[in-house]
Amino acid sequence: DDPDSPFMLIWSLAAFAFLFMDVFLLSLSVFGVERDGTFDWFDITYWTLDIFLGFCTGFYTKNGESVFKQPEVMRHYLRTWFGFDMFLIGSQWAWMVIEAAYIEGSSSGLQFMRFLRWTKYIKVLRLLKLNRAVHQVQVHFQTETSQLGMKMVSCLAIIVLWVHYSATIWYLIGKRTDTGWISEDEALLTWPTNWLVSLHWAASQLQGSIDVHPTFEVWERAYAVSQLLLSVVALALVVSRLTTVMQALQQWREEKSRLVRVAQRFVENHNLPIHLSQRMNRYLVRWQITKQAHQQLTEEQELLQQLPINMQRELLEQARSPLLNQHLIFPALARCSSRFMQRLLCDLLHGAGFFPGELVFQDGVVATDMYIVVGGETSYLHYTKNVRALMRRNGDRSAQLGSGGSSADLDTDVLVERHKTLRSFPLERGSALGEPVLWTRWVHNGDFSAVSQASIFCLGVEGFAELVCSYVRVQKEMQIHSKRFVDALNMAEDLSDVFNSELAFEACSSSSNL
């Protein structure tokens, strides 16, 4: 199984729950809390199944390579956690069996009860696997806010366990002699008063004071002093970590709202109308989102340059293939040759950023690339045959009249501008333009521009042609497809840059039916 699958996320979260309940409930027996054994059976069942799951869960090498082959997975688990897990689960099963024999009155169970009592507490050693469980959970929560949230939760959990176990040790020391601190009142011997008072004392060592004080017993006084010193260190570490998390969160929020505050001051200083202020705020929010996407693309490119080539290709293939698989031609290329598709995704496809209002390509320019929208807002303006006829007519009249114009020329310009307003349409993430350049010489039939900061994938036709020639099977299939694609283009009434293989298949199918 994939160690990063949703199932493993749920399994790791369950591990957190069982680990926390183990270390919490075990210590409650010190305060006289009796357990019915139901949780113990759920706990031992979970960790027994976890051993079987360890033989079938993939892993990552030190170089970051994923390994899923069953023999290698089994050998890896046997070399790492298998011995540790078997020792703990064997101890648990031994305790469960002896405890059952003791309850039934078996003399053999009674004989070994005291000898095996320590096995009931040895499962706390599973906390050594906590780091592994944390890593498996963090893989699924990669956003900045979720990472900060997990750090805060971990800090609170550490504080809770520290206070709880400090209270447990304090209570054990108080019971050690008849003159300990719990001898002051009989209520301190009963649950839950004994736990709450001990917990209150342990929490007060972090900051503050309490009416429960150590007696003149040496062990009580020594533990109280050492606990006070350790609590100061623990509180400093936790507060430092929480402060770092809060500062990071505050910095992220300030950066996000800085321009909005500047805009609000600008509106206030110049007494601008409310509707204009709202338009500006909406645009700033949209601009921040697109800026973050563009910045993320730049940072990803810097990151990939630091990784080995094989890892780069694997990461890029997983990241880019879902976007390209929306178009019919790319899954077909992958079926012809997976290696070809991997090289296309990693070596040929490259990202580019465009600012608001910047043209990606213009009508009438010879095409050199196919484009796929990754993020941001973009629009495409298609020049139809009628508009081209109007533009040619306007150009001819302007040449005849020289620098002077006429009302007819003005009417033509108005019609062209109105067409641009009506025929320009936004493009969604994953939209592709210019696919015909892969199959024939192509001149753009419209304007493709960025409305906001946009990120776009570009696939160069020269590199694509060279790569196709390197794979015989792909070359044969693409020759057949290019002929079909060009035939569909010739049948099209009005050419457009959004024409793709899916439309070509539909056109060929309809013509064959006729």
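Visitor: Which residue stands opposite I372 in β8?

Guide: In this model, which is predicted, I372 has A432 of β8 standing opposite. The two strands concerned, β5 and β8, run antiparallel and are joined by two bridges.

Visitor: And what sheet do they belong to, in which order?

Guide: They belong to an open sheet of four strands, arranged in the order β3-β10-β5-β8, with antiparallel pairing. Because β3 (350–354) and β8 (432–433) each have a single partner strand, they stand at the edges, and one side of each is left without a neighbour in the sheet.

Visitor: What holds strands together in a sheet, in general?

Guide: Strands of a sheet pair through backbone hydrogen bonds, and the pairing can be either parallel or antiparallel.

Visitor: How many bridges join β5 to β10?

Guide: Six bridges join β5 to β10, again in the antiparallel sense, and one of the bridge pairs sets G375 against S455 in β10. On the other flank, β3 pairs with β10 (residues 454–460) over five bridges, also antiparallel, and there G353 is the residue that stands opposite S455.

Visitor: Is β5 mostly covered or mostly open?

Guide: Strand β5, which spans residues 369–375, is mostly covered, since seven of its seven residues are buried, that is, under 20% relative accessible area.

Visitor: Switching to charges: how many salt bridges turn up in the whole structure?

Guide: A search of the whole structure finds two salt bridges. One joins the side chains of R343 and D347, at 4.0 Å from N to O, while the other joins the side chains of D487 and K483, at 3.5 Å from N to O.

Visitor: Where do R343 and D347 sit relative to each other?

Guide: Both are in helix α13 (residues 338–348), and because they are four residues apart, they are separated by about one helical turn. R343 counts as partly exposed, with 27% relative accessibility, and D347 also counts as partly exposed, with 41%.

Visitor: What about D487 and K483, which helix are they in?

Guide: D487 and K483 both lie in helix α17 (residues 472–491), where they are four residues apart, about one turn of the helix. D487 is partly exposed at a relative accessible area of 33%, whereas K483 is exposed at 57%.

Visitor: Which residues lie nearest the centre of the largest one?

Guide: Its lining is made up of 16 residues, and those nearest the centre are W11, D50, K129, R132 and Q136. The elements that contribute two or more residues to that lining are α1 (6–28), α2 (38–54) and α6 (130–138).

Visitor: Last topic, the surface. Which residues make the nonpolar patch?

Guide: The patch is made by F20, M21 and V160, and it covers about 220 Å² of nonpolar surface. Among these, V160 is placed in helix α7 (residues 144–175).

Notes: Residues are numbered from 1 along each chain as its sequence is written. This is a predicted model: local features need pLDDT of at least 70, side-chain atom pairs count only at pLDDT 80 or more; totals for chains, interfaces and linings use all residues. Side-chain values use heavy atoms; hydrogens and water are left out. Patches are made of residues with over 30% relative accessible area and no salt bridge: like charges are joined within 9 Å, nonpolar side chains (Val, Leu, Ile, Met, Phe, Trp, Tyr) within 5 Å. Accessible areas come from the Shrake-Rupley method with a 1.4 Å probe; for residues, only the protein chains shown count as cover. Two strands pair if DSSP finds at least two bridges between them. On a 1 Å grid over the protein atoms alone, a cavity is a set of points where a 1.4 Å probe fits but cannot get out, and a pocket is an open set with protein on both sides within 12 Å along at least five of seven lines; lining residues have an atom within 4 Å of a point. Buried means under 20% relative accessible area, exposed over 50%, partly exposed in between (1.4 Å probe, protein chains only).
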